[in-house]
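Here's a quick tour of the salt bridges in this one. Have the structure open as you read.

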Amino acid sequence: MIDVKNLTKSFGDLQVLKGVSEHINKGERVVLIGPSGSGKSTFLRCLNLLETPTSGEIIFEGQSITDDKCDINKIRQKMGMVFQHFNLFPNMTILKNITLAPVRTGLMNKEQAEKEARELLKRVGLEDKADSYPAQLSGGQKQRIAIVRALCMKPEVMLFDEPTSALDPEMVGEVLDVMKELAKSGMTMVCVTHEMGFAREVADRVLFMDEGKILEEGTPGEIFTNPKEQRTKDFLNKVL
Amino acid sequence: MEQFVAWKAMMAANEPTTLWQQFYVLFYQAFIENDRWLQYLNGVVTTLYVTILALLLGVILGIIVAVIRTAHDQQRPGHRNPVLGFINGLLKIYVTVIRGTPMMVQLMIMGLVIFASSRNFVMVGALTLGINSGAYTAEIIRGGLMSVDHGQMEAGRSLGMNYTDTMRFVVVPQAIKAILPALGNEFIVLLKDTSLISVIGGKELLYAARSVASRNYEPMYPYLGAAIIYLLLVMLFTWLLGIFERRLRASDRR
């Protein structure tokens, strides 16, 4: 589904990604772990071109999205993204937050979008918040809304960029529950996280990144119980 | 009226007069004699007219300049549009020249050089003030657009919305709220700067005060009067702006 070939990314003199090649299959749940500064988030943000790769190629469903002729807006409509800091629009109600993009991109008309939004809100248990503003919600509620907002575009893949890192510990669970439910529904997911429990439970494949490269990958069982690389062992010893 | 003529004669003859008599005479000749208050009133109308024209021009120019410059700065690296780069360069020159030269000099050049043959001083004045205000407003708006968290733009774009829609529905509404105090400041400066167009012959409030002062050889009351009128106008403006701002903030406090 997503094919990444020899991706590099530099910010000025700093090379963050040093040649990453990876293939993500449809329906697969991939979790990226690794120390901070290892390039996990940059890799994820390259997948929908929030960061422009310095070199390399990304192919999404047979179409090269790093090609200049590609309409990135169309591609992004099929790739939902959830951010660490939620990035809800504070000037709109929750319902408007969710329906803005589907309506403006012509995916649905207003009635369809609102119906869809209310169904999704019900799924995450926040149907009573439709007319609230983001400022009135807790962090966990905001992140669940952010997930709903991305889902309302009916994406084919969901990208999660440390979705629970900015949350109070007691709110992490409610967001992870939504993500687990999403995983069960068969959604293709790529997730950068520090929640090792979540990775172990949900992931089909875990990628360990360090210094701009994918150092090791495997099933959660392989990575967590029997890591091959010394660097992976050191990292897991610190976080587990 | 009779009182005024009599007391004025006493003052002219250097006869002893009370403070009240002096005040009465000077005030009367500054504002009431020969219906001079009409001159001030016409001046105020011109002042407000010029302010509104310049304000509209300034805001329109400001939005255009700010949006183009922000769009230029936010291009993806490696995808720079050369036309946008050229326009951005021109706009930078505009902002630099306008902010780098005194308002008075700009008025003199516009009124006495570029539009030297025009007799419509008020329009020339409004045009100059508008162009001047546009440069400052552009920087205020640009600051507002940049103050909105970058994550807002990213969130909009990651949902597949294009740049224009994300700007229009997400970034600009948040920017307006942030820049309203600074914009109000700029409007007040603009209102007071209209007094400068009297140097190229625009018959606004200060022009009226000055002509009365030179006719009577008595500057205090006409200029004090003008000052008070400007102050009242600015206070009125501030009050209206406050109402507008409270209305915008209503969504924050639910």
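Which residue forms a salt bridge with Glu22(A)? Arg205(A) does, with the closest N and O atoms 2.6 Å apart. A salt bridge here is a side-chain nitrogen of Lys or Arg within 4 Å of a carboxyl oxygen of Asp or Glu. The pair links distant parts of the chain, 183 residues apart: Glu22(A) sits in strand E2 (residues 14–24) of chain A and Arg205(A) in strand E9 (residues 205–210) of chain A. Helices (H or I, at least four residues) and strands (E, at least two) are DSSP runs, numbered from the N terminus.

This is a predicted model, where local features need pLDDT of at least 70, side-chain atom pairs count only at pLDDT 80 or more, and totals for chains, interfaces and linings use all residues. Residues are numbered from 1 along each chain as its sequence is written, chains are lettered from A and ligands numbered from 1 in the order written, and side-chain values use heavy atoms, leaving out hydrogens and water.

Glu22(A) and Arg205(A) also belong to a salt-bridge network with Glu28(A) and Glu217(A). Over all chains, the structure holds 18 salt bridges.

Another one pairs Arg104(A) with Asp165(B), at 3.0 Å between the closest N and O atoms. Arg104(A) lies in helix H3 (residues 94–104) of chain A and Asp165(B) in helix H8 (residues 163–193) of chain B, so this pair joins two chains.

Now for accessibility (buried is under 20% relative accessible area, exposed over 50%, partly exposed in between; 1.4 Å probe, protein chains only):

| Residue | Relative accessibility | Class |
|---|---|---|
| Glu22(A) | 7% | buried |
| Arg205(A) | 13% | buried |
| Arg104(A) | 34% | partly exposed |
| Asp165(B) | 9% | buried |
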